[in-house]
Protein chains: 2
Amino acid sequence: MKKNVLIIGAGGVGHVVAHKCAMHNDVLGDICIASRTQKKCDTIIESVLRKNNLKDSSKKLYSRRVDAMDIPSLINLIKETQSEIVINVGQPYINMSVLEACIETGAVYMDTAIHEDPDKVCENPPWYGNYEWKRKQRCEENGITAILGIGFDPGVVNSWCALAKDEYFDTIDTIDILDVNAGSHGRYFATNFDPEINFREFKKVWTWNNRQWMLQKVHSIRVDYDFPVVGTQPVYLTGHDELHSLSKNIDANSVRFWMGFGDHYLNVFSVLSNIGLTSEVPVKIANGVEIAPIKVLKALLPDPASLAPGYTGKTCIGNFIKGTKDNQERSVFIYNICDHAECYEELESQAISYTAGVPPVAAAILVARGDWDVKQMVNVEELPARPFVDLLDQMGLLTEIIESPASFTPPVIESLESV
Amino acid sequence: MKKNVLIIGAGGVGHVVAHKCAMHNDVLGDICIASRTQKKCDTIIESVLRKNNLKDSSKKLYSRRVDAMDIPSLINLIKETQSEIVINVGQPYINMSVLEACIETGAVYMDTAIHEDPDKVCENPPWYGNYEWKRKQRCEENGITAILGIGFDPGVVNSWCALAKDEYFDTIDTIDILDVNAGSHGRYFATNFDPEINFREFKKVWTWNNRQWMLQKVHSIRVDYDFPVVGTQPVYLTGHDELHSLSKNIDANSVRFWMGFGDHYLNVFSVLSNIGLTSEVPVKIANGVEIAPIKVLKALLPDPASLAPGYTGKTCIGNFIKGTKDNQERSVFIYNICDHAECYEELESQAISYTAGVPPVAAAILVARGDWDVKQMVNVEELPARPFVDLLDQMGLLTEIIESPASFTPPVIESLESV
């Protein structure tokens, strides 16, 4: 039984992770939230207490300041807090240093996105191969449990692929992961998580199609899909983390990711991007100061955490999977509906952060119980799906399945570049 | 006979002023270009020499570095260069210090826009009353010729109002100044002059309507007008410098300004403005640096001077004037057509800078000749129009007049705010 959780990162997802850990601290033990800005951790703790979400008040819930790029500091923090589980929900730039600290201390490592080098955008696939997977052998040698990409997407959607393979299909042809936010935050424009990270997703589209990597232009391939509950929504072929492990671990011809965008969002994004405002390459301004435009844009856009009060509507994230079972063609849509206002009511968050923050806590519980404490580095689809999906059902993220759903039929995708 | 010209400012308009002064240096004498960045002055001088535009090679054409906010430095520069005429085409923040240096040294002062305090945007009208006109009495006492707003608009359009009064009308009802750029620079988005100054025009719309100042929302009142040569173009009610003197000096019921904008321009401007990127109010970014978003936007947008090569199409700026003559209703459209590519051919510029830069040189010639050396502070409509208009005809800016042109009929304008 592992216990005591160290949460690294105090953004919107960290907020949800802290609430959910506190709601299960009888299993998880003491909870420490650490961030570069300790005040953000304390604000989250205030929210947990305000919502009465600390289940066992004999357990500690407290904050620390940490520079997550500084491995010795991280090692000290893990030891000092006696944390056996580390949930990394900071910016993806810190993954490799947090992972290293876990390997050194024996703590369980989890994250929700692939490591990124701030100076490199959309590297060649598979992205895990450039960073985390290089530590696979050391994790195995040291008996380290490292669960990569255990948010919603990547995370739950990967587990649904395992579930499909285990329970629904003999062979899988295509997996199309569809992510749509049909909610409204009432602002002119906002990103639902860190804009710097958000916009990096849109630089290039790598997709796994007919068993090869293909490169596409951003927002160039659109499909309108009739979702359950939220109705018909436009989604666009987009690059995304989970493709980089699913392409390796799941025997399917195509694994693609599609993100929903409204016309207004795309127009604003197109303007900002064409002007150069989403760029991380510094420009020199009149007084000689150099600054990355994206940093200024980030300062101007609403703090994603500030969107939660008053956010209305629902998200729908689902896997449209086609294949065969018992020599019959079969298609299913495995999905979750999450309501922004209900997330706010439960823990002062919104559905984007909620869907990303609940899964790592479910995973931590499975690790604490021993079910998922696998002493090696894995992606989520390599772990048993059923206990995870069932636990999520109890924790607020219900998995629903439609047999023979509305057909999802993308146009023929051809690569713009040979890979 | 006054001579020797000091040009302050080495942007796109300074470029044209330098070329045109050089082309008339037999009258104007030595030409010095001064700017905070001396290299920009030298680049302009290279262009003048490359185009063989230095008429009398026995006269000097040279550069100096100057901080135009520093009055003692300006006084030294005027004395050292023995300049009797100063053409200020720098940012409008420097007007009052350059004017002061002229009053102190006896030099003739000219500018092409109203003074602005960097921290105040769209102050209460009339704008001249807040700054320049406070020096009227000192100019008169010291026999200083100061010609305010002698670009195209303000400038030529003011002179056309005087011309209308002198030669075309007994009474004037409405003056609608229409400014449209029907050219194409081929870039995604660019401003034709300093974006910082450009966007300040769009913060509020002050308009002189039915003999009172009215406040309107930006880009909220549109008229499609059938222009000569460039055809039908949308124009929007906009605030502009010339209204602030014409409302006082010309006996007309309404004097309004309309700027042409395409849908793409308005969309981009709307996004940038709604996000806050056109703001001069500093924001704090992650590392604690404070920066005004407009400075970053300016660094990203094309340098207006870089647009000139390959710029195609034409500008049309004209005054639609309605009134009576000999007890008959009369309407005229007094206008100029300027061709971007021809401007580039003549002096490596484009039509926006050309139309703004030629008029102050014409004025300098009229001052040098004595016609306009009025020993007081004036706006352009207070000076005899005919010699100016005739000289511009010879210098590349032809005035054309249509009797009974296509009707310009704005909707009823009501003030959003009592003034």
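Q: Which is A:N379, buried or exposed?
A: This is a predicted model, in which local features need pLDDT of at least 70, side-chain atom pairs count only at pLDDT 80 or more, and totals for chains, interfaces and linings use all residues; side-chain values use heavy atoms, with hydrogens and water left out. Residues are numbered from 1 along each chain as its sequence is written, while chains are lettered from A and ligands numbered from 1 in the order in which they are written. Buried means under 20% relative accessible area, exposed over 50%, and partly exposed in between (1.4 Å probe, protein chains only). A:N379 has a relative accessibility of 1%, so A:N379 is buried.

Q: Which strand of chain A holds A:N379?
A: Helices (H or I, at least four residues) and strands (E, at least two) are DSSP runs, numbered from the N terminus. The run with A:N379 covers residues 377-379 of chain A and is strand β17.

Q: With which side chain does the side chain of A:N379 make a polar contact of 3.5 Å?
A: A polar contact is a pair of N or O atoms within 3.5 Å; within protein, one must be able to donate a hydrogen and the other to accept it, and residues adjacent in sequence count only if both atoms are side-chain atoms. Contact in general means heavy atoms within 4.5 Å. Beyond four places in sequence, A:N379 has contacts that include A:W133, A:L148 and A:S245. The polar contact of the A:N379 side chain is with A:Y128.

Q: What area do chain A and chain B bury between them?
A: Buried area is the accessible area (1.4 Å probe) that two parts lose on being put together, summed over both. The contact takes 23 residues from chain A and 22 residues from chain B. Carbon and sulfur atoms account for 83% of the buried area, which is about 2000 Å².

Q: How many salt bridges are there between chain A and chain B?
A: A salt bridge is a side-chain nitrogen of Lys or Arg within 4 Å of a carboxyl oxygen of Asp or Glu. The structure holds 46 of them over all chains. Between chain A and chain B the count is 0.

Q: Which element gives the largest share of the side of chain A that touches chain B?
A: Across this interface there is 1 residue pair in polar contact, both at pLDDT 80 or more. On the side of chain A, α11 (263-275), β13 (283-284) and α12 (293-300) each supply at least two residues. The largest share, 7 residues, comes from α11(A).

Q: How far apart in sequence are the parts that A:E104 and A:R138 tie together?
A: Their side chains meet in a salt bridge (3.5 Å, N to O). A:E104 lies in helix α5 (residues 95-105) and A:R138 in helix α7 (residues 136-142), both of chain A, so the pair ties together parts at a sequence distance of 34 residues.

Q: Which residue forms a salt bridge with B:K314?
A: B:K314 is partly exposed, because its relative accessible area is 27%. The closest N and O atoms of the bridge are 2.7 Å apart, and the partner is B:D339.

Q: Which strand of chain B contains B:K325?
A: The side chains of B:K325 and B:D170 meet in a salt bridge (3.7 Å, N to O). B:D170 is in the loop between α8 (156-168) and β7 (171-181) of chain B, whereas B:K325 is in residues 314-325, strand β15.
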